[in-house]
Amino acid sequence: MTTILIAALVLVAVALAYHRLSYWAWVLPLEAALLWGHAQKFEPRGLYLPLAIAVAVLALVFGLRPLRRALISSWLMPLLARIFPRMSETERVALDAGTVWWDAELFSGAPRWSKLLGFERKQLSEKEKAFLDGPVEELCRIVDDWEVQQKGDLPREAWDLMKRERFFGMIIPESFGGRGFSALANSSVVAKLSSHSVTASVTVMVPNSLGPAELLLHYGTEEQKRHYLPRLAIGEEVPCFALTEPGAGSDAGSMQSKGIVCRGRFEGKDVLGMRLTWNKRYITLSSVATLLGLAFKLYDPEKLLGGETDLGITCALIPTATPGVEHGPRHCPLSIPFMNGSTRGNDVFVPIEFIIGGPKQAGQGWRMLMECLSAGRSISLPGNSVGGSQLALRVVGAYATIREQFNMAVGRFEGIEAPLARIGGTVYWMNALRTLTAGAVDAGEKPAVISAIAKYYTTEAMRRVINDAMDIQGGAGISKGPRNSLATAYQATPIGITVEGANILTRSMIIFGQGAIRCHPYARHEMEAAQAKDLARFDKAFFSHVGFVVSNGARALVLGLTGGALASTPLGGEEGALLKKLARYSAAFALVSDACMGTLGGSLKRKEAITGRLADALAWMYIASSIVKKYVEEGRPARDRDFFRWAGAESLWQVQTALDGVLANLPSRATALALRPVLFPLGRRMRPPSDRLGAKVARALLDGGEARLALTREMYVPKSGEFGLALLERALAKTIAAEPARKKLREAVKAKKLPRADEGTLLEPALKAGILSESECKALREAAAERWEAVQVDEFPFDEFPGVAPARASAAPKLAGAR
């Protein structure tokens, strides 16, 4: 009887913890059961009453807050204060920047799926669709990417069009002469451009991301907005933003660029201003910019502004025509000729009003940058990565159909199906992540952690997609020239991985480092209360945290034993099953996160291999959430079912792998040993996408199928052209059109009506035998000729070997309105 009672108590306790009921809801049934066991004189008879007394005493100590504070929290708070990581002001500003959104739900251990599924994304407006179908299509048409690489710049016609059609003013409201586009539209424009020309994409992307326009919109004075925003919108001012310098890359806070508040003469007047000295590099558009956004540390030794002497990082707008401003030299970022270079200045005097937002915003630059980066990083690089990846999918879907070896399209080989499936499944989840994240920004969020996830995982995914595509194309992929559609994307891939927060840093430090404090429901409250010596606040946060850990432990165990089946979700079917598994892993992730923070304390910041794996787990749960949202939102199309399954299986496999890696490497081996049966009570049951599923995904990309078209609908597809994707599309269309005739030939050979021979030699006999008509023979000849042409590679005269042309002056400054 005792065994049954204990088992029942354990089950009741787990159930109460699973449902996150209050503290007293746990204690009272336990106390009642112990007293009942004593009254019934269950064996061992002397056990139940002492246990009941002990539980009652502990319940009072832990349940009565004044008593708990006096006896426990007052001792615990100073102890933990020494263990908690201390935050510098720079770290505090970074943590405060932006907002938390769905990432907080995943951190909670019990995501509210109705919140995700009920979220209504902003759709593209008719104006935005018209812009994509009109000016964006036209810009792609007039840009020959091979010619751009050889000449080192976009053609003047392209610069004219970008300025005339306000490409640089997509984020600027219409009231200031811009287009006032949504985050989704901004992302979609970048995606379409990047599928055709990385140079055009980056040129448009940067003015609409972190830079002068974004900073002016949020922090500029009304006078600054009225003066600059209309000029930026039409390209009369070409902007750049200078943050990175030789001694300050990822650690932007260590910058040496400085400004000294002083009085001086500017344009013939004695004014209060700043004497600036800087040395910046890797600055996109700096070589042609007319307006320089500059980040520097500002000092006021004479206290002319009336406050501190060390004011901190400040942002200002400097016209590049200002005496002493040096710009123009170009870097060569992997031979992709977008404008990128250095800028310097030594003792350049400018008025104090050049600070973005005026003198009152002196020292607020770091906050500005962190808040704007939270939104900007959600849009540009994910869009850029999706566009490049859609290009790869479109190219290899055609190439793997028309390229034949051993009398079979190469896409039919299992060895090719594997990378094809990875490309298809990855592009599906990349676009799901892109649209959900842009939707969050359009809803007013500035998702700091999610933006870092979007940046890291889409740029890394593009790297894998492009590598797989290059493997499929083989020699055609590595031979540069106008025929090669992928070489530029392959060259440019490391650029996206490096900029706006280098990927290694983003994964190992930023995602979980910010997420653990921003998204965790109690961690930051505990840290701040301990540092402020606020006993009441600490007590509430800490013991709420204890209950949170117990609850997640119960949920992780129960959902692990049932495969997530007991989780509550608003959906059925395959998508509901995926959400149930995600609920399980959310609880497991929350439990492991607390275990890492509890056992490692402040040293967790330096355990970057651990935090990187935790970032992987969080990110793949977000990716899985995004594919469910996309699949359901689009009406569960049968066309997408296998892509949804592939991306779901990949996501769950990656989450499991990440959590298993944390346990395998957690320094506290006792903790890891205790957690493993809770997280994986039945072992590691998730598997990566199967070969059978991969084959379905791969085959859906061949033969010009509906899935290939749907997965690349955001990209630019040339309607004409001699080489590149246009040639592949023509060859594919003719190959598909000729397939019925080819099938007749194969059947005739199989029936021994025709001999086994090369297809071309069979056409005349087939025509004479009435197997094929004249039109069918013509279709087969045309298809064969197009296939032959499409698999050729570029070649050049010996003395005209292609290379990057010497850097020349851009067409941009020569246009009307530029200085």
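Reply: What follows describes the cavities and their linings. This is a predicted model, in which local features need pLDDT of at least 70, side-chain atom pairs count only at pLDDT 80 or more, and totals for chains, interfaces and linings use all residues. Residues are numbered from 1 along each chain as its sequence is written, and side-chain values use heavy atoms, with hydrogens and water left out.

A cavity here is a set of points, on a 1 Å grid over the protein atoms alone, where a 1.4 Å probe fits but cannot get out; lining residues have an atom within 4 Å of a point. Points are joined across faces, edges and corners, and a volume is the space filled by probe spheres set on them. The count comes to 3 cavities of 30 Å³ or more.

The largest cavity holds about 130 Å³ of space. Its lining has 14 residues, and Gln473, Arg483, Asn484, Ala790 and Gln792 lie nearest the centre. Helix 16 (380-402) and helix 30 (724-750) are the elements that give two or more residues to this lining; helix 30 gives the most, with 3 residues. Helices are DSSP runs (H or I, at least four residues), numbered from the N terminus. By class, this lining has 7 nonpolar, 6 polar and 1 charged residues, where Ala, Val, Leu, Ile, Met, Phe, Trp, Tyr, Cys and Pro count as nonpolar, Asp, Glu, Lys and Arg as charged, and the others, Gly among them, as polar.

The second largest cavity has a volume of about 60 Å³. Residues lining the second largest cavity include Gln390, Tyr428, Lys630, Glu634, Arg639 and Asp640. Helix 17 (414-442) and helix 29 (706-711) each give two or more residues there, and the largest share, 3 residues, comes from helix 17. This lining divides into 4 nonpolar, 2 polar and 5 charged residues.

Methods
1 Å grid on protein atoms, 1.4 Å probe; cavity = no way out; pocket = protein on both sides within 12 Å on 5 of 7 lines; lining within 4 Å.
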